[in-house]
Amino acid sequence: MLKDKKVRDKITGSQNIKDLDAAQFVKAGAGAGKTSSIKDRVLNLVSKAELSPERMVIITYTTKAANELMTRVRETLEANLELPNVEEALAKLTDGKISTFHSFCYDLLREYPIEFCIDPEASLADEQTTEIMLENCFALMESESEDDQLRKESTYAKEMESFLELLVETSVENLQKTFLAFYQNRDLKPIEVDTSELIEMSILEESISKGAKRYFHLALELYDGIIPGCEDDKMYVHMNEGLKYLLDSMSESEFVEHVLEGNDGLIVKKGAQKNYSNKEVLKELAEVVKEVKTAAAYMKNAQDILNYNAALKVYPYFESTVEEYKALYGFIDFFDCLYLVKKKLDSDAHLRSLIQKRFDVIIIDEFQDSDPMQSAIAFHLAGDDTNKLFFVGDPKQSIYGFSRADISIYLEVMDRMDAMKNGEVLELTTNFRSSGGLLDFINTNFSKILTRSEERRSVSVDYTPMDKCDKKKDGAFITSNWLVDVTSKKDKTKALIGVTRPREAYMVAANIQRMMKEQKLSAGDFLVLFKTGTAMELYEQALRQLDIPVVNTKSKNFLKRGDVIQLLNLLALSAFPKEKFYRHLVENSDLLYIDEEKLSSVLATDVSFEMKFRTLCNLSGFVEIAVESNEDTYLQFIENLCNMARAEYVANNYDLKRTFHNLFEKAVNDSFFSGIKLNDETVHLQTKKSNAVTLMTIHASKGLESKVVILSAHEAGAFKDSQYVKRETNEILAETPFLSAKKAEELGLAQLSDLYSLAGAKREEEDKRVLYVAVTRAEEQFICISKADGSNKEFLNILMEHSPEFVESESLSFDDYEADFSKLDNFNKLHLKDLKHNYDAKVLDEVISLTDVSVSVSKLIENPELFKNIEGRRDGKAFGTFTHLVMEYICLMIFNQKNVEIDTEKLIEKLYADYETTLLPEYLKELQFMAKGFLKSDLASDIIAAKAVHTEIPFLADSYHGIIDLVVESEDKVRVIDFKSDLLKSKKDEIMGHYKKQVDLYVQALGEQSGKEVVGECLYLFGGL
């Protein structure tokens, strides 16, 4: 007999009907059979308590889970038709509310539009439409605020003035992100930062001014005091390249103003005091720079805090603009589904009573994923009769904090239910899924990792050991720690991420291949888990190179959510041909291109909406894309979507509106991701194939199992402590570019630091649960990958410190794999001599003999006269070198991660911090602008789609040699790109003709070696991309 049988009987009500009329809170670990308990409870509610399905609300957190629960309940009822009331209940099952929270609340809004104060015809906007709406509202605010008359007449006149000031003080992007963070949490009050501890801006400005003045004169004195013959001193060289020009062109007051405006202009590089007549000036100059930069950094951070508080005061104007926009165009967004219901039920006793009378049972599944609104709605549905409530969840799997799920809600409700007169907290402890070996490992280790400490009582959970089901085998559970060293003895400098990540992916793929051979495993026995999905594409490439079948649930071969939503818009238009809302979305789609006349013609035909949809997919070119992709996913999806629509149509009693609401929810709301993250995620048409290695994020893997689970080292750091909710006051410290834990610490803001400290504690506890979810996906083997450089140590230490099984590691060194790795076509297709990444000029010494008759390309085309009296940059050579370095990083990064999601500002800032030369601030700003433009260019798209990409490639032809900036290889073509940073303000045609000779020589050299068509071009980065 099961050790927890009595508990299960209480939950299902199988022994005592009174148990069905008791408030229950059930803790159910992975594999504990909670779904089985729910469907058995429903069966007894029908057969014993004589409740009809329309009197029940059964809520879970994803559409997939809701559909599975509906299926399980239906099967249970069908298997027990001999019991009283079951046949009648089965006929009414679709009248019941087995759905997600969003779907349930949307139904309430549609059923009571007047009571909830919404337009009865309001449409549910998808995420893409919501994003466009928010951008339009921001633009509308700008135009309204700049209109003097409108501003005077508006009730938000003060906010408009502040908004205009903010647009001067900060970037539009930062302000938009901040308003979005507030809007996506509009049920919570944003916390205002206490700025009383900040140093006054006037004091900071005075300090910076004094320092800049001292710097101005010290720098001139230093420059003039160089000892003859010492002009090669580093500081003197740097001053010649930039600072001296700045000082000569400005007065003291102009220079001070230049520094105060954030343009810096202060440089201190290593120099030798002995090279100057006044030995102390260099030292004093360094001290002044440190003081000024410290004050300037403080002032910048302080201004960010002030901007945040100002944005908080302007936000009501933004929210009002958005609400007016939604009312004008007649739609609501997904957040509204919960927000409007909760807000109205908070205040309207009559509406609460009306809805409470409809339902006798409220079952909430996966309650550990609840946010504050969902919990409040559940209690509103029960009202005073809390015996209606039944919560079930596993606190150890509460891992979606970044999408508003809050473990403190779970813990509060558990304590609340326990305190009720007729309330019970029950726990299922028998595991039907895992082997004895896995349970022993989990029980031993996670009883030490998961503990509910007093200081973290509101965010931590206890682990209760699970019992093995007698029917489950006592199989062994194997754990391993692969210590991966991606460096090579041949690396002359620290390798770029663009090089090390493919190496790591290949090493893991090679070991999967080894295990398949040695242990007789199939590809489908492996599940590779990632903390985030940014590196999954590399693993997919490596596995494919070794001919190992693989499914990447975030692959470009899977439809992006945005693509799916656009197809759903087309399907909805096929079902509602006269609906202007859907027609507008289809006509403005960036995926579908359908002639307007043909669109109208198809929509007017008298055929099923599925047939119209198939025809329009063909006309749009989508089918052609599917065929060219050489993947069956796209074509399958068209039919899957039609089948899904037909099934939903029948399941919803031929209610088309309801059908399409459910379909949109599957695409948009069936995930744990927040609205911000949603665009990056794909719709999983299948979660796991039996014949392929599956690549998946840990968060997406809940509910899956695999013989072998490998936890990837990629992106294994902890999530940022960027957001915190004060449950006692329902206030939120929202994620915004203006705030960070680092700024709080540097500014000495105690209130803000305390909040980030609490957020850090909450994140640390969630990381423990993330590891628990990862480990419990494994059936027989769990392999943890550690990086030799310790870069993923913070996350994995949680497991390493408590699990002796991971103390010993199996070392994997890239040197043992390099020979095979270098042969892979994907990484070295051109077969150029000694092809490597990260070359500087010295590398040519190893590639060619300088005594050869070979001449450099630059020497071959040399024309000094052409560049005389050409207008250029003061430090043009240094700027050009740095620009090439930036472009090398950007090109490798977007190729390896298969998207253009790069923070170019941070990248350039980091590269510049290690750069040996000082550049004028305005040049860096110009470079930032160029980099952002490049990411939107066709070349950036071509790099992502390329078969291989190489940067800084040295080559040796018969009589000349050189280094090529960028080579982009597709199936049938090699594209040579030479980056140019020239301004082209004079002699444009002559200079472009000169550089064309250079590229022609590159093309000729590669054409002889690659065996493919080679084309070349100069890309003038500052002449328009």
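This text goes through the aromatic rings of a predicted model and then through a group of its strands.

Ring pairs come to 33 in this model, counting rings of Phe, Tyr and Trp whose centres lie within 6.5 Å. Phe530 and Tyr539 show how such a pair is classed: their ring centres are 5.0 Å apart and their planes stand at 85°, so the pair is edge-to-face, a class that calls for an angle over 60 degrees. Phe530 and Tyr539 are both buried. Elsewhere, aromatic residues gather into a cluster, made up of Phe138, Phe163, Phe179, Phe182, Tyr183, Tyr308, Tyr315 and Phe318.

Arg186 places its charged end over the ring of Tyr339, at 5.2 Å from the ring centre. In a second case, Arg416 lies over the face of Phe379, and here the distance to the ring centre is 3.7 Å.

The strands can be followed from S24, which covers residues 973-980. Of its 8 residues, 7 are buried, so S24 is largely enclosed by the rest of the structure. What pairs with S24? Strand S23, residues 960-969, runs antiparallel to S24 and is joined to it by 4 bridges. With 3 residues between them, S23 and S24 form a hairpin. S24 also pairs with strand S25, residues 1013-1020, this time in the parallel sense and over 8 bridges. There, Val976 stands opposite Gly1016 of S25.

How values were computed
Residues are numbered from 1 along each chain as its sequence is written. This is a predicted model: local features need pLDDT of at least 70, side-chain atom pairs count only at pLDDT 80 or more; totals for chains, interfaces and linings use all residues. Side-chain values use heavy atoms; hydrogens and water are left out. Rings of Phe, Tyr and Trp (its six-membered ring) pair if their centres lie within 6.5 Å; planes under 30 degrees apart count as stacked, over 60 as edge-to-face and the rest as tilted. Buried means under 20% relative accessible area, exposed over 50%, partly exposed in between (1.4 Å probe, protein chains only). A charge sits over a ring if NZ of Lys or CZ of Arg is within 6 Å of the ring centre and within 35 degrees of the ring normal. Helices (H or I, at least four residues) and strands (E, at least two) are DSSP runs, numbered from the N terminus. Two strands pair if DSSP finds at least two bridges between them.
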